Amino acid sequence: MKPAFLILYLLLSLDTFYAQSAVEIVKKAQDLLYAKSSYSEMKMTIIKPEWQRNLGMKVWALEPDYAMIYITEPARDKGTVTLKRKNEIWNWLPTIQRIIKIPPSMMNQSWMGSDFTNDDLVRSSSYENDYTHKLLGEEKINDYICYKIESIPKPTAGIVWSKVISYITKNSYMQLKSEFYDEENRLVKIFIGSEIKNIGGRTLPTRWEMIPLDKPNNKTVIEYSKIEFNIEINQSFFSQQNMTRVR
């Protein structure tokens, strides 16, 4: 093999290796964060310049397509339920005794006044499959050496981001930070994990902050108090009928 062709071959092989490594890293990070099924309890704090709001939640999930979120507090919101079934979302509003389906035109609207959108709920565990991934290198985040991975949405995924940059720890595959870029390649929000603890038999960040950069002094904080992985639950649990009965 001639030298020029040898160099080209090695460069192509190296690029392929990194592409495969990036996919594997993302898969390990997703496997750590999610499971086939789970139950969790958490507090969400929505912080705005003028006010602050706290929500207590119970969440049941059957990955990757089903989730049920039950609001436990405050009293005025208690009993509100969000159901995710694949790419569709419904809300049960006990104050008016109605189940409302979220139309596609509202998928980018805020969920419960937070910095998470309805679409964030739908896409929460599709990161591995809806993007192509590339390893950019390594970077230090809070004393952890992390893989820096660029993820570009696939054309068929229908995702609004032009790219997501993620930072995943080398030794334990914890995803500590994600940066979301809009169609003009501007960084618009950051998702940061911290307070690493053993929870549900896994070592994970138990505090997460979603920070929108276009809204100064706004952020949404999620703090996990309990997680159980691989619980006994089946698809029939995630029904509209069960939205009115779950507690």
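A salt bridge is a side-chain nitrogen of Lys or Arg within 4 Å of a carboxyl oxygen of Asp or Glu. The model is predicted, with local features requiring pLDDT of at least 70 and side-chain atom pairs pLDDT 80 or more, while totals for chains, interfaces and linings use all residues. Residues are numbered from 1 along each chain as its sequence is written, and side-chain values use heavy atoms, without hydrogens or water.

**View A. The salt bridge between Glu209 and Lys219.** The closest N and O atoms of Glu209 and Lys219 are 3.3 Å apart. Glu209 belongs to strand E12 (residues 202–212) and Lys219 to strand E13 (residues 219–229), 10 residues apart; helices (H or I, at least four residues) and strands (E, at least two) are DSSP runs numbered from the N terminus. Shared partners join Lys43, Arg207, Glu209, Lys219 and Glu223 into one salt-bridge network. Glu209 is buried at 15% relative accessibility, whereas Lys219, at 24%, is partly exposed (buried, under 20% relative accessible area; exposed, over 50%; partly exposed, in between; 1.4 Å probe, protein chains only).

**View B. The salt bridge between Arg186 and Glu184.** The closest N and O atoms of this pair are 3.5 Å apart. Arg186 is partly exposed, with 49% relative accessibility, and Glu184 is exposed, with a relative accessible area of 59%.

**View C. The aromatic pair of Phe116 and Phe191.** Rings of Phe, Tyr and Trp (its six-membered ring) pair if their centres lie within 6.5 Å; planes under 30 degrees apart count as stacked, over 60 as edge-to-face and the rest as tilted. The whole structure holds eight aromatic pairs. Phe116 and Phe191 are edge-to-face, at 5.8 Å centre to centre and 90° between the planes. Phe116 lies in the loop between strand E6 (98–101) and helix H2 (118–123), and Phe191 in strand E11 (residues 187–199), 75 residues apart. Both Phe116 and Phe191 are buried.

**View D. The stacked pair of Tyr147 and Tyr173.** The ring centres are 6.5 Å apart and the planes are at 20°. Tyr147 is in strand E8 (residues 144–153), and Tyr173 is in the loop between strand E9 (163–169) and strand E10 (175–181). Tyr147 and Tyr173 are buried.

**View E. Lys84 in strand E4 (residues 81–85).** Lys84 is buried and has no salt bridge; Glu63, the nearest side chain of opposite charge, is 5.2 Å away (Lys and Arg count as positive, Asp and Glu as negative; His and the chain ends are not counted). A polar atom of the Lys84 side chain lies 3.1 Å from the backbone oxygen of Pro64.

Notes:
Polar contact = N/O pair within 3.5 Å; in protein donor to acceptor, adjacent residues only side chain to side chain.
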